[in-house]
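Hello,

Here is the structure we talked about. Please open it and keep it beside you while you read the notes below.

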Amino acid sequence: MIEFTLTTGRPLVVFTDLDGTLIDHHSYSFEGSEAAIRNLVERKAPLVFCSSKTFAEQIHLQRQIGLKMPFIFENGSAIAIPDGFFPGKFYSATRKEQGYDLVVFAHAEATVLRAALKIIPEIHGYSDASDAELSAATGLRGAFLQRARERWFTETLLSRLDAAQVVRINTLLKPKGFVLSRGGRFYTVQSGSVNKGRAVEWMKGIFRQTIVQDPCFAAIGDSPNDAPMLEVVDLPFLVQKPDHTWADLDLPDLIKLEGVGPEGFSAAVRMLLGEGWVV
Ligand SMILES: [Mg+2]
């Protein structure tokens, strides 16, 4: 059964990016946001991860934290919902995976995407990188590295791309239905029909059907691929990048927080749960 906090006067649902937001950009640690996460859990506010990370990575992170919540993976390519999370179930799952319903928005599997990428030989992605190369680029090792490789719908690129290359690659990918998306660290190639915002909109619909009172939706992010997520919520928060600046996002009502990554995430949660915060 799902319960919601009423501390803002409306039930609160929080969507959050992971890399560079809930977890540290360099160390991938959630230590800096752990207390804030516990406060959200205590106040019964659902915390929905919305990240380019894979199903395997997000399941692992949730287990480490002790959460079992719906989450949006591979940049909005699909949503995973724990069995029984939404009583009455207001949706049809595309398929089941390890005790989760999967709702898939991507128009093609990663194998199709990787075949399409072969027309652009200069592109170098996770799937064709050696473990040593991927480890050097990401700082991930062992099981963490393998979970990052388990991409079902997208391909993350190790290639550094300039603006002209981005335009050219997008032109080549468009007829196949794929597009480049810029994350905090890398570009990702994904279905042109998906982004974090569309997945968040879908989740909002499900949350609205689950509760009587209209919920307040907040989202926290750090980079351009979070813009579609931040655009579709009531309270959009932007945390600082490791250099203490903000990503160049021009969104109305965007709340820019003083604080890098988890520190900014924690500040957003304090604002959301704090006394006197009016929505
Ligand atoms: Mg990020």
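**Domain contact and metal site**

About 1800 Å² of area is buried between domain 1 and domain 2, and carbon and sulfur atoms give 55% of that area. Keep in mind that this is a predicted model.

First, the domains. The domain assignment gives domain 1 as 12-105 + 194-273 and domain 2 as 110-191. Their centres, taken over C-alpha atoms, are 22 Å apart. Domain 1 brings 25 residues to the contact, and domain 2 brings 18 residues.

On the side of domain 1 that touches domain 2, helix H2 (55-65), strand S5 (95-97) and strand S6 (100-104) each supply at least two residues. H2 gives the largest share, five residues.

Next, the magnesium ion. Its protein donors are Asp 17 (OD), Asp 19 (O) and Asp 222 (OD), lying 2.2 Å from the ion. Asp 17 sits in the loop between strand S1 (12-16) and helix H1 (34-42), and Asp 222 in the loop between strand S10 (216-221) and helix H8 (227-231), so the pair ties together parts 205 residues apart in sequence.

Are these two buried or exposed? Asp 17 has 4% relative accessibility, so it counts as buried. Asp 222 has 6%, so Asp 222 counts as buried too.

Best wishes

Methods:
Residues are numbered from 1 along each chain as its sequence is written. This is a predicted model: local features need pLDDT of at least 70, side-chain atom pairs count only at pLDDT 80 or more; totals for chains, interfaces and linings use all residues. Side-chain values use heavy atoms; hydrogens and water are left out. Donors are N, O and S atoms within 2.8 Å of the metal (3.2 Å for Na, K and Ca); water is not among the atoms, so sites may look incomplete. Helices (H or I, at least four residues) and strands (E, at least two) are DSSP runs, numbered from the N terminus. Buried means under 20% relative accessible area, exposed over 50%, partly exposed in between (1.4 Å probe, protein chains only). Domain bounds come from an automatic or database domain assignment. Contact means heavy atoms within 4.5 Å. Buried area is the accessible area (1.4 Å probe) that two parts lose on being put together, summed over both.
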